[in-house]
Amino acid sequence: MSEQYDVVVIGAGPAGYHAAIRAAQLGLKTACIDAALGKDGKPALGGTCLRIGCVPSKALLDSSRQFHNLQHLFGEHGITAKDAKIDVKTMVARKDKIVKQFTGGIAQLFKANKISAYYGFGTLHAGKKVVVKQHDGKEVELVGKHVVLAPGSDSIELPFAKFDGKHIVDNVGALDFEQVPKRLGVIGAGVIGLELGSVWKRLGAEVTVLEALPDFLAAADADVAKAALREFKKQGLDIKLGAKVSKAEIKKNEVHLTYNDGKSDQSLVVDKLLVAVGRKAATKGLLADDSGVKLNDRGQVEVDEHCKTSVDGVWAVGDCVRGPMLAHKGFEEGIAVAELIAGLPGHVNLDTIPWVIYTEPEIAWVGKTEKQLKDEGVPFKTGSFPFAAVARAVAMAEPAGFVKVIAHEETDRILGMHLVGVNVSELVHEGVLAMEFHGSAEDLARICHAHPTLSEAIHDAAMAVDKRAIHKAN
Ligand code: NAD
């Protein structure tokens, strides 16, 4: 006998739990399946984001930032503390507590919305039948009028640097080091490499980041990437670009790396190695041979602009489909799909998804970079403004970075906003909002911004597009 539902969601990560909750809010009988277990061995909802991604990494970023500031920034405020120490166990336990609070929160939201949670691994078969292999060993069959696939993504493993969980780790291992490694190697100067590299650097590790590409943060605005690289180098992160790693051997509790710097082979010995070279859609075991759902050549579930798969009534959202692998992109797709299932309009604008890298300074952007616009032949103008000229940023002793606004040369419509600096993870949303409302640089320039706030950098950058910034020479 199978259980019948209006909507069966596979995966309770950001995309899946949003789909399930919104579907239930709209009166649909909903089930959500998730196989993940927490550190305590008990089922933990919330996916990579809550268990081993966004939430725990931000907890550690904040702890390490406090420690770093105590040693390096507070002196400027006249605050000193002798012999500052970090207790890694306490820091990690705090992170685990936060994770538990939020994963438990999803379970409560499921209860409150009368969503049936199934704890185990779900596989989609023909006829929108989902077979769940539960942790208790029992199998259950669910049939949905609609099925939403939201299995998330897994770390990519390099064939010559297999994860052993002790010396060579992915983001999960790097959240749980028992002590600060003396020497940490990182393969990949992407989002995870920079965020977790920063955590351990601030706590005292010697961190060397090996990036295969010659350009730093190639997806970001070139000026932002340049400014960020300068700040990271100042902080002592050793970032080697154009460094192709070919070997990683574990010998006597050390990892011996060989990489080519474009001229010759080099070696590096570290105590821990974090491999952060991207993620891949977690579709292994998700689809039975008769499911009819097509994957593309990157192993992602193929979907149209409404997240519909090749099978009518089967949808896919989040990291397993095209578009950026960002939790908030998954949130929006989950909601949109639930609304489409309920017969409402649902849509996600992939052009206005904000990007954030939670380093210090933070990096954030929305929309196109100058390079993308040049490649597309779109005429544009730019205006930028440094935080060093923003009173609030200077008062906070955080003057690094700037805001750049890019607008269409003729229509003045905002095409992108790029930020590097303190708290820009929050500021970027002004750009998102302006772009969603098809705003112009002049619109932003004419909007009153409170003084003294960090957001004044956006105001002056928007005015600078028209060469009329007040607080700098244009
Ligand atoms: P990424 O794609 O951000 O960066 C991977 C980097 O590794 C790239 O710069 C790439 O050139 C480099 N690389 C690839 N192969 C290499 C090799 N053999 N040697 C050296 N360098 C190599 O991937 P990530 O940092 O692993 O993150 C994975 C995904 O998770 C990303 O899609 C990211 O958006 C997402 N994520 C987002 C956030 C956030 O929004 N703040 C945080 C963590 C993860």
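Okay, let's start at proline 452, which sits in the loop between α12 (441-446) and α13 (456-465). Quick word on those labels: helices (H or I, at least four residues) and strands (E, at least two) are DSSP runs, numbered from the N terminus. Histidine 451 and proline 452 are joined by a cis peptide bond, with omega at about -5°.

Before I go on, some ground rules. This is a predicted model, so local features need pLDDT of at least 70 and side-chain atom pairs count only at pLDDT 80 or more, while totals for chains, interfaces and linings use all residues. Residues are numbered from 1 along each chain as its sequence is written, and side-chain values use heavy atoms, with hydrogens and water left out.

Back to the backbone. Which other residues does a cis peptide bond join, with omega of about 0°? That's glutamate 360 and proline 361, and proline 361 is in the loop between β17 (355-357) and β18 (362-367). Why point these out? Because most peptide bonds are trans, and most residues other than glycine have a negative phi.

Lysine 128 isn't a glycine, yet has a positive phi of about 55°. You'll find lysine 128 in the loop between β3 (116-125) and β4. Lysine 252 also has a positive phi, near 45°, and belongs to the loop between β11 (244-251) and β12 (254-260). Are they buried or exposed? Lysine 128 is partly exposed at 23% relative accessibility, and lysine 252 is exposed at 80%. The cut-offs here: buried means under 20% relative accessible area, exposed over 50%, partly exposed in between, using a 1.4 Å probe and protein chains only.

We call it a salt bridge when a side-chain nitrogen of Lys or Arg is within 4 Å of a carboxyl oxygen of Asp or Glu. How many are there by this rule? The count is 27.

Let me show you a few. Lysine 129 pairs with glutamate 141, with the closest N and O atoms 4.0 Å apart. Lysine 129 is in strand β4 (residues 129-134) and glutamate 141 in strand β5 (residues 139-149), so this pair ties together parts twelve residues apart in sequence. Lysine 129 is partly exposed at 26%, and glutamate 141 is partly exposed at 32%.

Then there's lysine 381 with aspartate 412, at 3.1 Å from N to O. This one links distant parts of the chain, 31 residues apart: lysine 381 is in strand β19 (residues 380-386), and aspartate 412 is in the loop between β20 (402-408) and β21 (414-421). Lysine 381 is partly exposed at 22%, whereas aspartate 412 is buried at 13%.

The UniProt record, an unreviewed entry, puts the feature "binding site" at Lys58, Gly122, Asp319, Met325, Leu326, Ala327 and His328.

Leaving aside neighbours within four places in sequence, alanine 327 is in contact (heavy atoms within 4.5 Å) with Pro14, Cys49 and Cys54. With residues up to four places away left out again, histidine 328 touches Ile353 and Pro354. Histidine 328 is partly exposed, at 26% relative accessibility.

One last item: Lys39, Lys95, Asp96 and Asp176 are linked in a network of salt bridges. That's my tour, thanks!

Methods:
UniProt positions are given in the numbering used here, feature names are shortened, and annotations may be inferred rather than shown by experiment.
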